[in-house]
Amino acid sequence: MRSGDFNLKPGEFVHSPTGFLLPPWDLVPPPPKGWLERGYHVTHRRDLERGGHFVAMEQPDAFIQDVQSFFRNVSV
C-alpha cells in the first residue's frame with residue numbers, strides 16, 4: 001500500500017496486529033467480521049452500542065479503555 005492510498009489492493013494484507021473500535025453511526029456501517037479479517041490481522045475488535053465518527057470526543061472513556069485494552073494484548 002502506498003502512502004496516501006487508503007484501499008487495499010487484491011491480495012494485499014496488513015500483517016501488523018490491528019484493532020478496530022466501531023461505532024454504529026460512523027461514516028459507513030461497521031463491516032462484518034470476515035471483511036476485516038480478509039485484509040487485516042485483527043487482534044482486537046469492539047463494537048460500540050452508540051456513537052459516531054468522532055468516538056474520542058463523544059465517548060473519551062470508552063476510547064481510552066479500548067486503546068489500552070488493545071495495547072495490553074500486543075506483544076512486541
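Biologist: How many helices and strands are there in the protein chain, and how do the elements run from the N terminus on?

Modeller: Helices (H or I, at least four residues) and strands (E, at least two) are DSSP runs, numbered from the N terminus. The protein chain has three helices and two strands, and their order from the N terminus on is β-α-β-α-α. This is a predicted model, in which local features need pLDDT of at least 70 and side-chain atom pairs count only at pLDDT 80 or more, whereas totals for chains, interfaces and linings use all residues. Residues are numbered from 1 along each chain as its sequence is written, and side-chain values use heavy atoms, with hydrogens and water left out.

Biologist: What box do the C-alpha atoms fill, and what share of the residues counts as buried?

Modeller: Taken along the principal axes, the box is roughly 35 × 30 × 25 Å. Buried means under 20% relative accessible area, exposed over 50%, and partly exposed in between (1.4 Å probe, protein chains only); of the 76 residues, 22% count as buried. Contact means heavy atoms within 4.5 Å, and among contacts between residues at least 6 apart in sequence, 61% join residues at least 24 apart.

Biologist: How should I read a pocket, and which residues line the largest pocket?

Modeller: Rolling a probe the size of a water molecule over the atoms shows where empty space is left. On a 1 Å grid over the protein atoms alone, with a 1.4 Å probe, a pocket is an open set of points with protein on both sides within 12 Å along at least five of seven lines, and lining residues have an atom within 4 Å of a point. Grid points are joined across faces, edges and corners, and a volume is the space filled by probe spheres set on the points. The largest pocket has a volume of about 210 Å³, and its lining includes Phe20, Pro23, Asp26, Val28 and Leu36. Strand β1 (residues 14-22) gives the most to that lining, with three residues.

Biologist: How does the lining of the largest pocket divide by class?

Modeller: Ala, Val, Leu, Ile, Met, Phe, Trp, Tyr, Cys and Pro count as nonpolar, Asp, Glu, Lys and Arg as charged, and the others, Gly among them, as polar. The lining of the largest pocket has nine nonpolar, no polar and one charged residues. The second largest pocket holds about 170 Å³ of space; of the ten residues that line this pocket, the closest to its centre are Asn7, Leu8, Trp35, Gly39 and Tyr40. Its lining divides into four nonpolar, three polar and three charged residues, and helix α1 (residues 33-39) gives the most, with three residues.

Biologist: Is Gln59 buried or exposed, and which residues does Gln59 touch?

Modeller: Gln59, in the loop between α2 (55-58) and α3 (60-72), has a relative accessible area of 10% and therefore counts as buried. Not counting residues up to four places away in sequence, Gln59 touches Leu48, Arg50 and Gly51.

Biologist: Which side chains meet in a salt bridge?

Modeller: Side chains of opposite charge can pair when their charged atoms come close. A salt bridge is a side-chain nitrogen of Lys or Arg within 4 Å of a carboxyl oxygen of Asp or Glu. The structure holds one, in which the side chains of Arg45 and Asp47 meet at 2.9 Å, N to O. Arg45 is partly exposed, with a relative accessible area of 27%, and Asp47 is partly exposed too, at 42%.
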